[in-house]
Amino acid sequence: MDPTQQKALNALESFILLSSSASSPRAAADLVKQATSAPNTYVFAELLQTKNIAALKTGPPEYASYFTLLEIFAWGTWADYSSTPNLPPLTDPQAHKLRQLSLLSLSTSPSTLTYTHLLTALHLSSTRSLEDLVISTIYAGLLSAKLNTKSQRVDVSSVSPLRDLRPATVPQLISTLDTWNGRCVSVLDDLENQIKEVRQKALERRKMEQRDEAAVEKLVGQALKDKGKAGEKRMAQDPVGGREATMGDGNDGMDLDEKAGPGRPRGAKRGGGAFKNAAKRMMG
């Protein structure tokens with residue numbers, strides 16, 4: 001619960017307890033006057049529901065007007081007070097509080113927060129008195145706002161939940177909440193459908209990537225297999241050439257004469273006589 005709201009409820013608690021002993025219309029009317037004048041009392045719905053205060057509504061006219069006045073403090077505005085005849089006059093604390101509460105109600109729309117509109121709606125005579133009212137409301141913790149003197153408006157950022165609901169507005173509020181709930185459900189359904197669509201597309205992309213990877217692996221494997229078969233085919237067609245190509249690189253130091261000299265048979269190895277002479281000396 002909002003701290004300011006809790007504080008207001010605590011302040012009202014003593015008047016709710018006193019209402020049980022305010023059995024006469026006069027005592028009940030005096031209790032309404034005290035509650036609406038006391039500091040920190042900004043909510044009144046629970047007091048309206050107590051037996052002796054509710055009895056004022058059907059009581060003598062001079063006291064029934066106090067029940068109407070309490071209703072205005074609960075959910076009405078200064079304009080409601082001004083337009084309702086035969087209401088009790090307000091003390092200065094009551095008038096100040098009702099203007100503060102009216103400012104909370106007017107803060108729901110930016111168009112109602114201009115200096116011109118607020119001066120008229122709150123029946124204030126000067127800009128200075130309006131600014132003093134706004135400042136006192138801010139210091140009381142009823143709203144967060146700034147005075148925009150250049151634009152002649154009040155910039156409200158937040159409002160404490162202190163205004164009670166009119167009984168007739170509850171069905172309308174329920175209908176509004178039902179409409180809002182339906183929109184939320186619709187948005188959630190759309191989001192879920194979009195999520196499913198994204199997941200399905202991601203799955204399809206993954207399957208396509210896997211098919212592409214498998215195709216590439218198959219092509220590479222086939223290429224390697226074809227290369228191996230080509231090598232085996234060449235070996236089968238020219239086995240001798242393959243071996244000679246392997247042995248041709250060796251060198252034993254004995255070259256064949258390209259041309260046979262006198263007394264030397266063609267193809268004889270050079271240096272053969274020298275080897276024979278050396279062998280004979282070793283054996284002799």
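Why are Trp 78 and Tyr 81 separated by about one helical turn? The two residues are three apart in helix α6 (residues 78–83), so about one helical turn lies between them. Keep that helix in mind; the tour returns to it. The model is predicted.

**Stop 1: the aromatic pairs**

Show the aromatic side chains. Two aromatic pairs are counted here. Select Phe 44 and Phe 73 to begin. Their rings form an edge-to-face pair, 6.0 Å centre to centre, with 80 degrees between the planes.

Now colour by secondary structure. Phe 44 sits in the loop between α2 (25–37) and α3 (45–48), while Phe 73 belongs to helix α5 (residues 61–75). The pair links distant parts of the chain, 29 residues apart.

**Stop 2**

Select Trp 78 and Tyr 81. This aromatic pair is tilted: 5.8 Å centre to centre, 50 degrees between the planes. Both Trp 78 and Tyr 81 are buried.

**Stop 3: charges over rings**

Arg 99 lies over the face of Trp 78, at 3.9 Å from the ring centre. Trp 78 therefore has two entries on this tour: the tilted pair with Tyr 81 and the charge of Arg 99 over its face.

Finish with Lys 97 and Tyr 42. Lys 97 lies over the face of Tyr 42, at 5.4 Å from the ring centre.

How values were computed. Residues numbered from 1 in each chain as written. Predicted model: local features only at pLDDT ≥ 70, side-chain atom pairs only at ≥ 80, totals over all residues. Heavy atoms only, no water. Phe/Tyr/Trp six-rings, centres within 6.5 Å; stacked < 30°, edge-to-face > 60°. Helix = DSSP H or I, 4+ residues; strand = E, 2+ residues; numbered from the N terminus. Buried < 20%, exposed > 50% of the residue type's maximum accessible area, 1.4 Å probe, protein only. Lys NZ or Arg CZ within 6 Å of the ring centre and 35° of its normal.
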